[in-house]
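Me: I would like to learn how to read a metal site and a helix in a model of this kind. Could we go through them one feature at a time?

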Amino acid sequence: MKKKHRPDTAPPPVKVDELMTGTTVFNIPFPQDLKTLKKMSPIVIKHPYHVEYVHSYGQDSPFFAGLSNGKLLGTKCRKCDYTYATPRLSCATCGRETDWVEIPGEGRVHTFTTCFFGSEEFLKETPFHLILVEFDGVDTLLLARLIGPERPEEIRIGMKVTAKFRRNSQLKPTDVYFVATE
Ligand SMILES: [Zn+2]
């Protein structure tokens, strides 16, 4: 419907839409004398900062597909049979291409450390235990969390451990963790 107070030939007013997002400003004091602006305290705001990364798991994708299906995958060299618990697509010993193999769900604590400080994601879970797991028939070790023991004194080198998997996969290395074998 046309508004009667404006002639038909007048261009419509040009104006950007008001944004209903971002910082909500109610009042910022402003002086009459612009000279006093030099003494103005800085405006400080708090706002959430969100970044979405799109990145590829590339050739490591099968490892994470395995975790989400409750399987621990490593790789094995086609030529020299060297087997990697942390998968490598090329053999570090001879350079040949490797094949995906399933790693046993049971292993032993090769060594461990207890972390009393951690990155932001793990801070609320400190202290936590990290173990390097050795497996029969596998030449390298796997770094993972050991869940269960409260104190480092409860962990032993050579202790048998069993892999467990998060039911709700996060497609992260922490999808797999270990507990003491019963
Ligand atoms: Zn090799």
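Me: How are the donor residues of the zinc ion spaced in sequence?

Reply: Keep in mind that this is a predicted model. The donor residues of the zinc ion follow the spacing C-x2-C-x10-C-x2-C, and C80, in the loop between β1 and β2 (83–84), and C94, in the loop between β2 and β3, form a pair that links distant parts of the chain, 14 residues apart.

Me: Which atoms coordinate the zinc ion, and what is the geometry of the site of the zinc ion?

Reply: For four tetrahedral donors, the ideal angles at a metal are 109.5 degrees. Here the zinc ion is coordinated by the SG atoms of C77, C80, C91 and C94, at 2.2 to 2.3 Å, and the angles among the four donor atoms run from 96 to 124°, so that the site is tetrahedral.

Me: Which residues of helix α1 are buried, and what covers them?

Reply: In helix α1 (residues 61–68) the buried residues are F63, F64, G66 and L67. Because they cover an arc of only 150° around the axis, they lie on the same side of α1. What covers them includes the strands β1 (73–77), β3 (98–102), β7 (160–165) and β8 (176–180).

Me: Which residue takes a positive phi just after α1?

Reply: That residue is G70, with a phi of about 70°.

Notes:
Residues are numbered from 1 along each chain as its sequence is written. This is a predicted model: local features need pLDDT of at least 70, side-chain atom pairs count only at pLDDT 80 or more; totals for chains, interfaces and linings use all residues. Side-chain values use heavy atoms; hydrogens and water are left out. Buried means under 20% relative accessible area, exposed over 50%, partly exposed in between (1.4 Å probe, protein chains only). Helices (H or I, at least four residues) and strands (E, at least two) are DSSP runs, numbered from the N terminus. The arc is that of the directions from the helix axis to the C-beta atoms. Contact means heavy atoms within 4.5 Å. Donors are N, O and S atoms within 2.8 Å of the metal (3.2 Å for Na, K and Ca); water is not among the atoms, so sites may look incomplete. Four donors count as tetrahedral if all angles lie between 85 and 135 degrees; four count as square planar and six as octahedral if opposite donors are over 155 degrees apart and all others between 65 and 115; anything else is irregular.
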